[in-house]
Amino acid sequence: MKVIKTAFAVTALAAAMTPGLGLAQTELQFGHVGNPGSLFDASATEFARLANERLGDDYEVVVYGSSQLGGDSSMLQKLKLGQLTFTLPSSVMSSVVDEFGLFEMPYLVKDREHMKRIIEEVLEPDLYPLAEEEGYKILAVWENGFRQITNNVRPINTPEDLDGLKLRTPKGTWRVRMFEEYGANPSPMALSEVFTALQTGTMDGQENPLVQIYSQKFQEVQDYLSLTGHVYTPAYVVVSSNHWQDLPEDVRDVLMDTAQEVQDFVYETAARQDEELLGKMEAAGMEINEADKQAFIDASGPIYELFDEEVEGGGDLVDRALALGQE
């Protein structure tokens with residue numbers, strides 16, 4: 001079985017010559033922003049393990065986590081330039097294709113089974129082609145997770161508790177607008193910068209899935225964890241539409257099949273981590289509260305209205321996604 005290498009520095013971008021051995025393996029770089037212990041780290045590492053067992057001797061997937069190859073926007077650009085094979089964007093996709101803002105809508109996705117139906121009936125037929133028009137091919141949909149709020153000011157029970165709170169968000173237009181509607185003062189920021197911003201008080205709080213909160217060590221610099229579950233964010237295994245075609249067909253088949261196969265591992269790991277991490281957060285000294293989700297739902301109508309008004313077909317996408325939650 002091939003040993004997976006998790007790289008800690010940027011190496012040669014494609015094939016390299018090994019003295020005396022001729023052409024070495026072609027390195028297929030997988031960059032992501034997750035720290036060790038994060039769901040992104042576990043997911044990409046499992047993908048690399050399985051893919052490398054199946055690829056033979058000519059290609060090897062190598063994982064670069066912890067934003068080593070840049071933030072999400074930077075890595076998406078590197079895909080287009082052929083400097084990176086895979087990346088795992090989440091919220092930032094709504095800044096690439098407006099319609100991906102669907103997954104910025106609060107309380108849209110009920111659970112992971114609902115999300116699977118949305119992938120099959122909305123994402124694949126409607127949004128995948130839009131991503132391809134922008135130069136990106138989606139191999140599979142994994143997970144970032146259900147997002148919760150942490151801060152150093154007060155427990156967040158209702159939207160009113162967010163009033164004036166300096167809150168870091170990802171670089172997604174609709175997340176910013178949602179929190180503005182709730183009364184917060186949101187600021188987009190790369191994930192790699194958030195710990196310092198919280199530690200220094202530049203930001204009062206942030207919102208992320210539990211596993212991102214814990215793996216980024218935000219529990220060390222945040223007092224309150226409020227379980228709002230306000231947005232479920234998928235993560236997308238993305239390659240360059242153009243450079244993907246440069247790989248041999250049998251290699252593409254292995255990578256595509258493996259990326260889709262890993263989805264079940266991702267969901268199982270995410271569910272387990274959600275259960276385990278609350279106790280660890282509490283043990284770290286965080287005060288945890290269940291937010292009044294209905295109060296947030298009641299305050300979310302204007303966001304849905306704006307999405308319908310500003311994104312062509314946005315209302316239809318929302319209606320179809322919500323209807324799949326009734327099955």
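In this predicted model, Lys-217 turns up in the loop that runs between helix 7 (210–215) and strand 9 (224–227). Its phi is near 65 degrees, a positive value in a residue other than glycine. At 44% relative accessibility, Lys-217 counts as partly exposed. Ser-67 also has a positive phi without being a glycine, near 60 degrees. Ser-67 sits in the loop between strand 3 (59–64) and helix 2 (72–81), and with a relative accessible area of 17% it is buried, because the cut-off for that label is under 20%.

Next comes the inside of the protein. The largest nonpolar core holds 101 residues, and those touching the most other members are Phe-30, Val-61, Phe-86, Phe-103, Leu-123 and Leu-255. Helix 9 (residues 249–283) hands over the largest share of this core, 10 residues. Take Phe-30: leaving aside neighbours within four places in sequence, its contacts include Ala-44, Phe-47, Val-61, Leu-84, Phe-86, Trp-142 and Val-237.

Helix 12 (residues 314–323) has its own buried set, made up of Gly-314, Gly-315, Leu-317, Val-318 and Ala-321. Looking down the axis of helix 12, these buried residues fall within an arc of 160 degrees, so they line one face of the helix. Helix 4 (112–133) and helix 11 (301–310) are among the elements covering them.

Strand 6 (residues 166–169) and strand 7 (residues 185–188) run parallel and pair over four bridges. To get from strand 6 to strand 7, the chain passes through helix 5 (residues 173–182), giving a right-handed β-α-β crossover. Within this strand pair, Lys-166 stands opposite Asn-185 of strand 7.

Then there are the charged pairs: the structure holds 15 salt bridges. One of them joins Arg-112 to Glu-143, with the closest N and O atoms 2.8 Å apart. Arg-112 belongs to helix 4 and Glu-143 to strand 5 (residues 136–151), 31 residues apart. Arg-112 is buried at 16% relative accessible area, and Glu-143 is buried too, at 2%.

Another salt bridge pairs Glu-207 with Arg-147, again with the closest N and O atoms 2.8 Å apart. Here strand 8 (residues 205–209) is linked to strand 5, across 60 residues, and both partners are buried. Glu-310 and Arg-177 meet at 2.7 Å, N to O. Since Glu-310 lies in helix 11 and Arg-177 in helix 5, this pair ties together parts 133 residues apart in sequence. Glu-310 is partly exposed at 42%, and so is Arg-177, at 24%.

Key
Residues are numbered from 1 along each chain as its sequence is written. This is a predicted model: local features need pLDDT of at least 70, side-chain atom pairs count only at pLDDT 80 or more; totals for chains, interfaces and linings use all residues. Side-chain values use heavy atoms; hydrogens and water are left out. A nonpolar core is a set of buried Ala, Val, Leu, Ile, Met, Phe, Trp, Tyr and Cys residues joined through side-chain atoms within 4.5 Å. Buried means under 20% relative accessible area, exposed over 50%, partly exposed in between (1.4 Å probe, protein chains only). Helices (H or I, at least four residues) and strands (E, at least two) are DSSP runs, numbered from the N terminus. Contact means heavy atoms within 4.5 Å. The arc is that of the directions from the helix axis to the C-beta atoms. Two strands pair if DSSP finds at least two bridges between them. A crossover is right-handed if, with the strands pointing away from the viewer, the path from the first strand over the helix to the second runs clockwise. A salt bridge is a side-chain nitrogen of Lys or Arg within 4 Å of a carboxyl oxygen of Asp or Glu.
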